[in-house]
Amino acid sequence: MTHAERKARLEALLLGFQALWRPQPFKVETPDWCADHPALAAELLGLDDAAVDALSADNQGLIALLGRFVPALAELAALIDLPAVSPPPPADEGRLYTDIPGRKQAQIKAYATALGAPRAPLLEWCAGKGHLGRLLAHRWHWPVASLEIDNALCDAGEDLARHARVDCRQHFIRADALAAGSIRHLAGRHAIALHACGDLHTRLVAGAVAEASPAIDVAPCCYYRTVHAHYRPLNPTGLTLSHDDLRLAVTETVTASAKQRRQSRQALAWKLGWVELRKALTGETAYTPFPPVPEAWLRGTFAEFVERMRERANIVMPAPARPDLFTRFEAIGHARAARMLRLQLARLAFRRPLEVWLLMDMAVYLERHGYAVTVAPFCPPDLTPRNLLLSARRYT
Ligand SMILES: C[S@@+](CC[C@H](N)C(=O)[O-])C[C@H]1O[C@@H](n2cnc3c(N)ncnc32)[C@H](O)[C@@H]1O
């Protein structure tokens with residue numbers, strides 16, 4: 001299947017079944033699709049907690065479940081199935097990995113293996129401390145320029161390069177990747193980026209094309225980090241994606257511990273308890289968005305949490321609240337959270353298709369501009385769910 005075909009098939013299914021993935025059950029208690037697909041809604045609402053946890057982390061399992069009720073969606077299984085790159089061989093490069101946490105280390109080794117031999121001097125886009133560039137400078141003896149906006153990260157990266165004795169080959173460019181002049185650094189370079197967010201990776205792709213970079217390897221993340229109200233597609237499309245839609249593409253997280261799952265479920269229940277209490281106090285029926293909740297607010301009691309939310313939203317409690325009000329709305333919050341976690345499985349089935357579509361948009365754009373492109377997972381999702389690597393090589 002070509003990238004253009006994969007993009008077109010994904011687009012048709014995303015557009016045809018938007019009713020299943022656009023509504024957010026956090027905001028809408030019963031999405032409209034429940035009336036159109038009552039058997040699917042009943043199946044999801046009947047799942048026990050263990051099944052919800054397992055399905056939440058299983059893209060193919062979610063698609064298989066949806067496909068039983070909406071047969072056209074079974075095709076998504078093949079559309080998100082991209083050939084994997086083989087795992088990295090063990091290597092003795094100990095001193096290169098000083099200061100790199102274990103999971104990041106494994107990501108970098110896997111990325112470097114998937115990249116293979118560089119085509120030209122390297123330009124590491126949004127480099128952080130330049131861990132990836134440092135490894136590649138050591139392995140391939142090519143010069144590496146690591147572009148990063150944060151001075152402290154550049155300082156730390158320079159120290160690490162000295163410690164690894166690659167400072168003769170790796171240097172840092174302290175610059176804003178989004179500034180007009182930054183793309184000139186891409187000319188004649190093999191561009192690499194590990195987890196460059198939203199506008200940063202789209203700027204890289206467009207900049208590399210404009211500067212005719214010989215090669216690009218990019219593993220994007222955080223597609224929603226864009227200054228634009230909607231995703232700006234690189235090719236003509238009927239699909240419009242808001243920030244909320246773009247967030248869906250990155251909702252998959254590395255498996256949490258049982259304790260973290262308990263805490264995040266409680267946080268969800270309290271927020272939904274507040275959503276419902278707010279409606280009861282104000283008479284509003286629609287969901288009202290609220291700013292992020294500070295972690296510390298979730299450590300006390302539900303009554304204390306509500307007090308903080310109420311004060312911040314400037315909502316008056318008509319009379320001193322009776323303790324049973326909090327008990328009642330905390331229970332309502334838990335019930336809503338259980339319902340939400342089940343109904344949102346229909347939405348989650350579309351997260352990987354959406355992410356693959358976004359990569360196909362970049363792939364097709366690069367193909368139109370004279371590159372041979374592959375898109376493949378460079379590591380297993382338990383190292384990072386943002387594990388798709390787009391590799392483009394310019395035809396000479
Ligand atoms: C998710 S981190 C990835 C860092 C590194 N590539 C890695 O995988 O360890 C994103 C990096 O982009 C940098 N960054 C954010 N905005 C930037 C900008 N406008 N120009 C250059 N770098 C930027 C951040 O400081 C951060 O180091």
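## Burial and overall build

A residue counts as buried if 20 or more other C-beta atoms lie within 10 Å of its own, with the C-beta atoms placed from the backbone. By that cut-off, 40% of the 396 residues of the chain are buried. Please keep in mind that this is a predicted model: local features need pLDDT of at least 70, side-chain atom pairs count only at pLDDT 80 or more, and totals for chains, interfaces and linings use all residues. Residues are numbered from 1 along each chain as its sequence is written.

The chain holds 16 helices and seven strands; helices (H or I, at least four residues) and strands (E, at least two) are DSSP runs, numbered from the N terminus. Its radius of gyration is 23 Å, close to the 21 Å of the globule rule for 396 residues, so the chain is as compact as a globular protein of that length. Here the radius is taken over C-alpha atoms, and the rule is 2.2 Å times the number of residues to the power 0.38. Along the principal axes, the C-alpha atoms fill a box of roughly 70 × 45 × 40 Å.

Now to strand 7, residues 388-394. Five of its seven residues are buried, so strand 7 is largely enclosed by the rest of the structure.

Strand 7 pairs in the antiparallel sense with strand 6 (residues 371-377) over seven bridges, and also antiparallel with strand 5 (residues 215-221), over four bridges. Pairing requires that DSSP finds at least two bridges between two strands. Alanine 392 of strand 7 is the bridge partner of valine 373, and isoleucine 216 also stands opposite alanine 392.

Technical notes: A residue is buried if 20 or more other C-beta atoms lie within 10 Å of its own, exposed if 12 or fewer, and partly exposed in between; C-beta atoms are placed from the backbone.
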